[in-house]
Amino acid sequence: MKQICVVGVGYVGLVTAACFSDLGNRVIALDINEDRIEGLKRGVMPIYEPGLKEMVDRNKRAGRLSFTTKYADALNGTEFAFIAVGTPSGVDGEADLQYVASAAQAIAENMREPVIIINKSTVPVGTGDWVADIVRSHQTEPIPFAVVSCPEFLREGSAISDFMQPHRTVLGSLDPEAAEKVAQLHLALRAPIVITDLRTAEMIKYASNAFLATKISFINEIANICEELGADVKEVAIGMGYDKRIGPQFLDAGLGYGGSCFPKDVKALAYMAAEKGRHPQLLHAVMEINNDRRPMIVSRLKEMIGDLRGKKIGLLGLSFKPNTDDMREAPSVDIAQSLIAQGAEVRAYDPVAMEVARPLLPNVEMVTDAYTLADDSDALIVVTEWNEFKQLDLDRVRDCMKQPVLFDGRNIYDPALMKSLGFTYRGLGRGYNGSKSDLITGMTKAAV
Ligand SMILES: NC(=O)c1ccc[n+]([C@@H]2O[C@H](COP(=O)([O-])OP(=O)(O)OC[C@H]3O[C@@H](n4cnc5c(N)ncnc54)[C@H](O)[C@@H]3O)[C@@H](O)[C@H]2O)c1
């Protein structure tokens, strides 16, 4: 049993704290946000993540997990201090490191015994060295410490299983002994452990996220071409995905990537490259393709229903992806704002994100379920591919709409089925607007 402190109880920090305590360690989770800590002490989760509340409650009851706002308490007897604070985008796209800096400073000022400081936040290459400088310069007395980079690869919505069964653990340090101790801490996860230097570990995280974002923009570019040529991108992705060199994941054409990681991390990597005089062409193309997706949806909808003034549009889903309430960089925000700017009346339903979304979208009416949303609507847009939307009673949806128009921003429905049900339906990249019979007729005509 090791004693661990986790700084920051957001999506990454709280999952890290809960999982390490579940593995039998004693974990003290710290945050400067008093409401979050008070809530956690009372059993109120600051975020939605499937299975997290149960795990937090269980480990609190077992006495392995506790919460504090005081660094001195969190560091008392702690061998490992994970930093899991936010690193949002700064003004020019660079990562804003103010929270990492203040966490490092507070650790330095409050440590009374040797500690291994582990950066779990996604931080620019070179930050590990910088954190070491901050700690050194703010220590009240010289106490040995080491800095290890341990980037986190979990996905919101499946964070617990991603944490507990990672594809790999990446550790970077200039101190082999410290890296070895952190590796021991992760042995219970039974995943390959890559030990490298600090900067390389930091780069592995950015390169991984940039690669996944590239896959998404790639398939969205292919979707655009499919539309012109009459191919179905969904089947193209399936056909590509069986190739083990390609793989099926992150090949879903749709509204593009959002959330707290890909947008800021691709931007930050491009910024790091540009700062060193490089022109990261591929990263710029990835961002450009992604940025085009949201306005494109609104213009496509106008092609389907004409002028948006006075039209009632329903958004199915608000969170940036299913199984989370995270609204950071969610496509729904841009889409709703653009629809409203063009005179539409926008309503929305999301299974868990409506509370978080409300202050971001004060002019959007939130409703209790998908059928209420459909009621009297001129069009529905699938924004988030929640499972419950895949199983809707589509006859009922059609019957309560003013006109049965559905724009499927996540390609969750079968175009032929939607057409047979009487919907005016459009997905993204689904060939001839999803009508295979048009394609066959077209080919037959050409042959004749
Ligand atoms: N969210 C993800 O899916 C994900 C996945 C992998 C990596 N990451 C990276 O992990 C880091 C954290 O992301 P997140 O989504 O968990 O952020 P978050 O915004 O959900 O949580 C950050 C928490 O840190 C707290 N905090 C800020 N400054 C602090 C300080 N000085 N001391 C103590 N607490 C402080 C905040 O109050 C907040 O509760 C980021 O660098 C992010 O890029 C996130």
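Predicted model: local features only at pLDDT ≥ 70, side-chain atom pairs only at ≥ 80, totals over all residues.
Thr87 places a polar side-chain atom 2.5 Å from an oxygen atom of the ligand. For Arg36, a polar side-chain atom lies 2.9 Å from an oxygen atom of the ligand. Tyr11 takes part through its backbone, where a polar atom is 3.0 Å from an oxygen atom of the ligand. Taken alone, the ligand exposes 830 Å², and the protein buries 91% of that area.

Helix H8 is considered next. This helix comprises residues 176-186, and its buried residues are Ala178, Ala179, Val182, Ala183, Leu185 and His186. Because these residues cover an arc of only 155 degrees around the axis, they lie on the same side of H8. Pro176 and Glu177, on the other side of H8, are exposed. Glu177 also figures in a contact at the start of H8: its backbone nitrogen has a side-chain oxygen of Asp175 within 3.1 Å.

The remaining topic is the set of salt bridges, of which a search of the whole structure finds 23. One of them joins the side chains of Asp376 and Lys312, with an N to O distance of 2.9 Å. This pair links distant parts of the chain, 64 residues apart: Lys312 belongs to strand S9 (residues 312-316), while Asp376 sits in the loop between helix H15 (370-374) and strand S12 (379-382). Asp376 has a relative accessible area of 32% and is therefore partly exposed.

The loop between H15 and S12 also holds Asp378. The side chain of Asp378 meets that of Lys402 in a salt bridge, at 3.7 Å from N to O. Lys402 lies in the loop between helix H17 (394-400) and strand S13 (405-408), so the pair ties together parts that are 24 residues apart in sequence. The two partners fall into separate accessibility classes: Asp378 is buried, with a relative accessible area of 5%, whereas Lys402 counts as partly exposed at 48% relative accessibility.

A further salt bridge is formed by Asp326 and Arg328, whose closest N and O atoms are 3.1 Å apart. Asp326 counts as buried, at 2% relative accessibility, whereas Arg328 is partly exposed at 42%. Both residues belong to a network of salt bridges that also includes Glu156.

Technical notes:
Residues numbered from 1 in each chain as written. Heavy atoms only, no water. Buried < 20%, exposed > 50% of the residue type's maximum accessible area, 1.4 Å probe, protein only. Helix = DSSP H or I, 4+ residues; strand = E, 2+ residues; numbered from the N terminus. Arc of directions from axis to C-beta. Polar contact = N/O pair within 3.5 Å; in protein donor to acceptor, adjacent residues only side chain to side chain. Areas by Shrake-Rupley, 256 points an atom, 1.4 Å probe, with all protein chains shown as cover. Salt bridge = Lys/Arg side-chain N within 4 Å of Asp/Glu carboxyl O.
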